[in-house]
Amino acid sequence: MKKTVILILLFICAVPVFAQFQQVDYRYAPQWHVSSIGLPDDTCKTQIGPLGQLLTDYGKGEFFNYVGGYGTAIQFLADENMKFAGQRLYSARVPLVITEASCAGMSVTQEIFAVALDYIRNQTPTSKGNREDVILTTISNPTKRKQTLNPVLIVNANYEQKTRVTGRTALINGQAHVITDLKPVHVRQNLVDFKTLINLEPVVIAPGETKQIVVLYDNGRPSVLAGRFKNDADALRGHINDIRAEMITYWETGTDIPYGHISVPDREIQNLIDASLRGIWQAREIKNGKIAFQVGPTCYRGLWVSDGASLLETATMFDRGAAARDGVEYTLSFQKDNGKFGILDPTYWKENGIVLWTCVRHALLTQDKAWLKSVWGKLLKSVDFIRELRAITWTNNIPLDDGLIPPGQIDGGLWGAEDKAEYTNVYWSLAGLKAMIQAAEWLGEKKDAKALQSEYDDFFATFKKAAERDMDADLFGNRYLPIPMDPKHRSLPQRAQWAFCQSVYPGQVFSQDDPVATGTMNMLHTTLQEGMVMGTGWAIDGIWTYFAGFYGHACLWMGESRRARESLYAFANHASTVYNWREEHSPRDLTPSKYVGDMPHNWASALFAGLAVHLLALDRGNELHLLEGFPPEWRQAGMKTSLKDIATPFGKLSFTLQVNAQGTEAALTVDALPDPSCKGVYVHLGDWGTANGTSASLPKLDAKKSNTVTVKIKE
């Protein structure tokens, strides 16, 4: 018998790798999404599901139970035979949710929006004034025959007190009303304990005719519109359309949301930035007379110090320092007498360092030394508490943490334990101390600066020795620092590395050549799926969407600008088509998807808007660096990119980069910075441009005066 030998030759060529042109098409969007329709600082956090479900009373039920559950889910269908086609917002700035559908050749467009006329006209808080949610359904019949639809209103309400239907009103839990402008013909409540199906009178639509149907939910509050329903349903429809127009005008021109401070030529990136700012304002509430910046409308509706640090920085950076000041002072109100912060968990030691950084960064961005001096004593008490924590490590019978921070809650993928020595609390304690050193020098507190520097130097030296002891290697040979110190507690190398990324930036704990930082970053680079670090959060097989913000910022700080801008686009493509993010969801290869956390998740919103700005302008010590992460997609012919009055430690920054119609040159104009402490503005042109007819790709500008730079764009 003859033997056949097959030789397979593999040729590996050293060819250059060119990055693809990036675009946002929401390719990795979660399979199930919700969006918020509430007003800024609203006490009603109504959510809208992907098929137009109106979701309220979070935490009181089991509907759509990804982390908690909504107590009430309401849906109006023009006909149960509707076929849904998709969902969108009126615009990124207007949270009017539009759900498109069809039925028997007719178009069915459902618009859901919040109404708070007392708020937009008189600034009456929604807790005291009117507050309604409106479902406005428009049906158009382009066919040549008369059509009949059979509408149904579905009320799922998981309460002991059953839904009661009287006339055109369904009473939920004895307090909230759902009112229709159509008469019920049949009510069914024997399907399951929580479900009420209200079959409404048929709607007949002639050829070429358009009709509207209105459903109102009053959130259990006094409602002016509800009274109008009772008197004249036909007149109400016209009134609702007038109110719809008034609400749209309010969202477009009447809010204090800080639009217009960044303009980029990628329409979808701009939409996500605008929607991110809107989402942050929608999640806020007034508590104890202060503006509380909250992460989300459901399971994270409250103060979360880690998330809040980014929310407050972004608000300050976007020229809303006064509102952010409220949020910072609200956070400070939780400090214990011994200086401790432990809002999330008593052993969430990192909150102390996070609050220190938050206050210092806020003072620098607002250039308010007087305010920082007014809280300086409080901040020093938190420093003393960090010293106290370090002292505990010498007596707690856990040798691994000696001189560092005792075991505490880890978060973001790993639980803490009393015997689980780990680095997340170490990272943020170091970052907080480093921020305090900068602050003491800025305030001229020389004695404090010397003491803080001594404490930090000892702490960092102790950390470096421990890190050398605990370094591990991944399957690619990258030397990285795991989060748990003891190998028996370790998981995937990338698990819970969020605090490491934040210690790189904004913590600025590491130099760019530090082997701990470079090795751990190299490890993270190997874990990307769909452009994101996967398996680092609570879902070990999932994507923690806004980890892209941590990772992208760390890449930018470490000089890897290409990875930073690619991270922005990966981040964008994991958003939903209604411009927001869930905390975690599965990558596309795993279906059905698993979900973790809130949506909209506004830590994601803050990080996305912040990363977009920092790709264009980043302060490094006493220097300001422009265009360091500038995407090539934004420098095509005729494109314009600008920042306007963005807060920096050197005052408000404004600049414009305008590419000419041929795509051969760009004019960069940079306004003077008011603070003379800036030692130079550096423009990063990399390999794509040269400045002012020279070969310079990193020109230095005089920060004290306005500058115009002509950039020759290379082919």
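Modeller: A helix is a DSSP run of H or I with at least four residues, a strand is a run of E with at least two, and both are numbered from the N terminus. Helix 14 (residues 561-573) gives four residues to the lining of the largest pocket, the largest share. The model is predicted, so local features need pLDDT of at least 70 and side-chain atom pairs count only at pLDDT 80 or more, while totals for chains, interfaces and linings use all residues. Residues are numbered from 1 along each chain as its sequence is written, and side-chain values use heavy atoms, with hydrogens and water left out.

Biologist: What makes E111 and R244 a salt bridge?

Modeller: A salt bridge needs a side-chain nitrogen of Lys or Arg within 4 Å of a carboxyl oxygen of Asp or Glu. For E111 and R244 the N to O distance is 2.9 Å, so the pair meets the definition. The structure holds 28 salt bridges.

Biologist: Are E111 and R244 buried or exposed?

Modeller: Both E111 and R244 are buried. Buried means under 20% relative accessible area, exposed means over 50%, and partly exposed lies in between (1.4 Å probe, protein chains only).

Biologist: Which residue forms a salt bridge with D133?

Modeller: R131 does, with the closest N and O atoms 2.6 Å apart. R131 and D133 are both buried.

Biologist: Why is E285 called buried, and why is R301 called partly exposed?

Modeller: E285 has 8% relative accessibility, so it counts as buried. R301 has a relative accessible area of 35%, so it is partly exposed. The side chains of E285 and R301 meet in a salt bridge of 2.7 Å, N to O. E285 is in strand 19 (residues 285-287) and R301 in the loop between strand 20 (290-292) and helix 5 (305-317), 16 residues apart.

Biologist: What joins the side chains of D42 and T126?

Modeller: A polar contact of 2.8 Å joins them. The term covers a pair of N or O atoms within 3.5 Å; within protein, one must be able to donate a hydrogen and the other to accept it, and residues adjacent in sequence count only if both atoms are side-chain atoms. A polar atom of the D42 side chain also lies 2.9 Å from the backbone nitrogen of L39. Leaving out residues up to four places away in sequence, D42 touches T126, R131, Q282, R284 and E285, where contact means heavy atoms within 4.5 Å.

Biologist: Which residues are closest to the centre of the largest pocket?

Modeller: The largest pocket has a volume of about 660 Å³. R565, P632, R635, D687 and W688 are the closest to its centre, out of 27 lining residues. A pocket is an open set of points on a 1 Å grid over the protein atoms alone, where a 1.4 Å probe fits, with protein on both sides within 12 Å along at least five of seven lines; lining residues have an atom within 4 Å of a point. The volume is the space filled by probe spheres set on the points, which are joined across faces, edges and corners.

Biologist: Which helix gives the largest share of the lining of the second largest pocket?

Modeller: Helix 9 does, with seven residues. The second largest pocket has a volume of about 560 Å³.
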